[in-house]
Each structure stands twice: as structure tokens, then as C-alpha cells.
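This report describes selected local features of one protein structure. Please read it alongside the sequence and the coordinates.

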Amino acid sequence: MPNFTTSIIIPNYNGRKLLEKNLPAVLEAARSAAEIIVVDDCSQDDSIDFLQKNYPQVKIIKTEKNKGYASTVNSGVSKVTGDIAVLLNSDIVPERDFLKPIIDDFSRDENLFAIGCLDKSYEGGQITERGKGILYYQKGLFVHRAGDMSDDDLHTDWVSGGSSAYRRDIWLRLGGMDEKFNPFYYEDIDLSYRAVKAGYKIILEKRSITNHYHEEGAVIKNFSAAKTQEIAFRNQLYFSWKHGNHFKMLLWLPYYFLTGTIKNKNLSFVKGIFRFLFINT
């Protein structure tokens, strides 16, 4: 059985309070990890000063310009030393032994690229188990939704970047996350999709449990709901253009434009279309 080393990467943007709250649990759960790295995406708060003062054992990578999630994570994976790169968002608290099943799974299958954790998502005062993703194609676009977590099936169409693990050599071979998805969303779906097309495996590991406090995360804290929706739709369009049928997508774009403006009166979708077509595709 291979003796894998693991590196934990925590992307951070203005997350000083989250690091103060959650990093102790990460350190406790990651005792066997070779290293823990915080990649700071040009934060405006005192995240770096806090880490340097209180956690000198944590390595820090600083970006010179705020770019977004895919760029931040790519920077981290390119610099770690571990065979397995574990991604944990700053609003994630892993349970104590979450790493062991991940290492066991990678040890058993050399073709396994990525493992998603069981994500206990704290939303609106409730806990919802997530981690299984469904991806399908309709009306010219790829659409994703949460899968059924009630069975023992480990299949998932993608693994969420928020709490997941990757074989580093395959990550680098695939070119990492596509940075055109910056600042956030769909970059993890895209990487999973490309990996499966290349012949690698991805799975959900229900024994690796993380607690995800979405309402405290960087996206909610730093972006309005309308802006988040605009970016998400723009990236859905980009993903669909990248992997789907161009003719069908262009055929359906007027429908999405009219639905957004007339039926739903939601300019976020319209702005997402314009961002895709004219700004930064």
C-alpha cells in the first residue's frame, strides 16, 4: 500500500474571523498531514498578520492581486509537497478522522483522481447532508443539482472544491482548475468533468465528514445575492459552451433572455448572458 503524504490547502479572502474560529479544528483533524497552507487571495483584513502571530506552523502563500477561487487554489496545489491535495474552504470544519478514509481510497485505486467529502451543510438553522452531485443537459445548457444522499452509492458527477481531495500529479496533468471561472462557481464541476472524460475516477466518501457553515463563507460575505446569481449564470453558460453543443446553446439563449427579463424580471440572468458574450468569455 502506497505511503501517501497529504497537504491541506485553505483558500482565504477576508476570512480572518473564520480562520480564528475554524483553524484549530482543522489542525486537530489534520495531525497526519504533511503541511497546511493558507492561500490568501489579496485579503483586505488582517488575515495574514493573524496567522503569522498565532499559527507560525501554517504556511502562507500571498497573491499580489485578487483573482478568485480557481486561481487561488491552483496557486496552492502548484506549491504543496503532498501527493494528495486536500481543499478545505475557510468556512469548513472537518471531523477528527476525516483524512483516513481518503488515504485508504487513494491507496486502493491508482486511477482515482478526486474524492468528495460528506458535507454537513448548515443552512437556515438546518443541517442538510450534501456531497453527491447530478449533472445533466437540457435546453442548451448543463444543469447541476444535489443528488440523493440516502443510499450507499458512491457515484457523483463532480466533487465540490469546498471539501475534497485530489491526486496532485493528475491535477497538474489536467492543468488544474480553469481560471476563466474566476471569481467562483463551476470550476470544480469543470475539473471533475474533464477528469472523467480523461478516464479517471471520482467518488463521494461518506466516511470523510466535514461541517460546512455556508452562511459565514466568503461569497455570502463579499457578494450580493444578485451579483452571485449573475456570476453563477455566466459560468454555467461558459461551462455549457465549453462542453456542450454550440448550436443548441445559441438557439436557446433568446429564451433565457426573455425568461429573465419578462417572466422573472431578473436582470441577473441578463447580465450573466452579457458577461458571457461580451466581457470575459
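A salt bridge is taken here as a side-chain nitrogen of Lys or Arg within 4 Å of a carboxyl oxygen of Asp or Glu. The structure is a predicted model, in which local features need pLDDT of at least 70 and side-chain atom pairs count only at pLDDT 80 or more, while totals for chains, interfaces and linings use all residues. Residues are numbered from 1 along each chain as its sequence is written, and side-chain values use heavy atoms, with hydrogens and water left out.

Helices and strands are DSSP runs numbered from the N terminus (H or I of at least four residues for helices, E of at least two for strands), and helix α4 covers residues 99-108. Arginine 108 forms a salt bridge with aspartate 105, their closest N and O atoms being 2.7 Å apart, and because these two residues are three apart in helix α4, about one helical turn separates them. Burial is stated by relative accessible area (buried under 20%, exposed over 50%, partly exposed in between, with a 1.4 Å probe and protein chains only). Arginine 108 counts as exposed at 57% relative accessibility, whereas aspartate 105 counts as buried at 8%.

A salt bridge also links aspartate 104 with lysine 100, where the closest N and O atoms are 2.9 Å apart; both residues lie in helix α4, four residues apart, or about one turn of the helix. Here aspartate 104 counts as buried at 17% relative accessibility, and lysine 100 counts as exposed at 57%. In helix α6 (residues 187-197), arginine 194 and aspartate 190 are four residues apart, about one turn of the helix; their side chains meet in a salt bridge of 2.9 Å, N to O, and both residues are buried. Salt bridges that share partners join Asp105, Arg108, Glu205 and Arg207 into one network.

## A buried arginine without a salt bridge

Which side chain of opposite charge is nearest to arginine 234? It is that of aspartate 178, at 7.7 Å, and arginine 234 is buried yet has no salt bridge; in this assignment Lys and Arg count as positive and Asp and Glu as negative, while His and the chain ends are not counted. Arginine 234 is found in helix α8 (residues 225-243), and its side chain makes a polar contact of 2.7 Å with the side chain of asparagine 235. A polar contact is a pair of N or O atoms within 3.5 Å; within protein, one must be able to donate a hydrogen and the other to accept it, and residues adjacent in sequence count only if both atoms are side-chain atoms. Helix α8 also holds isoleucine 231, which is buried with a relative accessible area of 3%.

## Aromatic pairs

Rings of Phe, Tyr and Trp (its six-membered ring) pair if their centres lie within 6.5 Å, with planes under 30 degrees apart counted as stacked, over 60 as edge-to-face and the rest as tilted. By this rule the count comes to 18 aromatic pairs. The rings of tyrosine 166 and tryptophan 171 have centres 5.0 Å apart and planes at 80 degrees, so this pair is edge-to-face. Tyrosine 166 counts as buried at 1% relative accessibility, and tryptophan 171 counts as buried at 2%. One aromatic cluster is formed by Tyr137, Phe142, Tyr186, Tyr193 and Phe239.

## Backbone geometry in two loops

Most residues other than glycine have a negative phi, and most peptide bonds are trans. A cis peptide bond, with omega of about 10 degrees, joins asparagine 182 and proline 183, and proline 183 lies in the loop between α5 (168-174) and α6. The loop between α5 and α6 is also the place of tyrosine 185, whose phi is near 85 degrees, a positive value in a residue other than glycine; tyrosine 185 is partly exposed, with a relative accessible area of 34%.

Asparagine 14, in the loop between β1 (6-12) and α1 (16-29), has a phi near 55 degrees, a positive value in a residue other than glycine. At 26% relative accessibility, asparagine 14 counts as partly exposed.
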